[in-house]
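Work through these exercises on aromatic rings with the model open beside you. Try each task before you read its solution.

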Amino acid sequence: MSIPANLKYTKDHEWVSLEGDIATVGITHFAQKELGDIVYVEVETLDQTLDKDEVFGTVEAVKTVSDLFLPLSGEIIAFNDALESSPETVNSDPYGAGWMIKVKISNSAEVEQLLSSEAYQELIGA
């Protein structure tokens, strides 16, 4: 199972890529595998400022709908529009083209609370 070492992770199975104060967020390979075939990604929080752990959207798979939790407080500045027509990209490329949102981080201290790839591997028993 792919768990890139250059990313940070949450206990809710989101990944975070950091570039300065901008975080790119998606769901992990483990999460998309557990969900199954993803048919819809909804993010209605674009341009909103949310706190860490607030719901920023949902991902719908053939068998379930799951909330998406914001890993870091901040303003949601971008949504991956390509997911509107091709939500299955989250299944085929969860760490690349399947990214979901970009967040302008408002509290950089929260980054320290994210999991390393090693800690995430322990969490999921990989």
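A residue counts as buried when its relative accessible area is under 20%. Keep that cut-off at hand. The model is predicted.

**Exercise 1.** Classify Trp-15 and Tyr-95: buried or exposed?

*Solution.* Take Trp-15 to begin with. Its relative accessibility is 2%, so Trp-15 is buried. Now take Tyr-95. Its value is 18%, so Tyr-95 is buried as well.

**Exercise 2.** How many aromatic pairs does the model hold? Find the geometry of the pair formed by Tyr-9 and Tyr-120.

*Solution.* The count is two aromatic pairs. Planes under 30 degrees apart count as stacked. Next, place the residues. Tyr-9 belongs to strand S1 (residues 8-9) and Tyr-120 to helix H4 (residues 117-124). They are 111 residues apart, so the pair links distant parts of the chain. Last, check burial. Tyr-9 has a relative accessible area of 0% and is buried. Tyr-120 is also buried, at 0%.

**Exercise 3.** What is the geometry of the pair formed by Trp-15 and Tyr-95, and which parts does the pair tie together?

*Solution.* The ring centres of Trp-15 and Tyr-95 lie 6.1 Å apart. Their planes meet at 55 degrees, so the pair is tilted. Trp-15 is in strand S2 (residues 14-19). Tyr-95 is in the loop between helix H3 (89-92) and strand S9 (101-105). The pair therefore ties together parts 80 residues apart in sequence.

**Exercise 4.** Where does the charged end of Lys-102 sit?

*Solution.* Locate the ring of Trp-99. The charged end of Lys-102 sits over this ring, 4.9 Å from its centre.

Methods:
Residues are numbered from 1 along each chain as its sequence is written. This is a predicted model: local features need pLDDT of at least 70, side-chain atom pairs count only at pLDDT 80 or more; totals for chains, interfaces and linings use all residues. Side-chain values use heavy atoms; hydrogens and water are left out. Rings of Phe, Tyr and Trp (its six-membered ring) pair if their centres lie within 6.5 Å; planes under 30 degrees apart count as stacked, over 60 as edge-to-face and the rest as tilted. Helices (H or I, at least four residues) and strands (E, at least two) are DSSP runs, numbered from the N terminus. Buried means under 20% relative accessible area, exposed over 50%, partly exposed in between (1.4 Å probe, protein chains only). A charge sits over a ring if NZ of Lys or CZ of Arg is within 6 Å of the ring centre and within 35 degrees of the ring normal.
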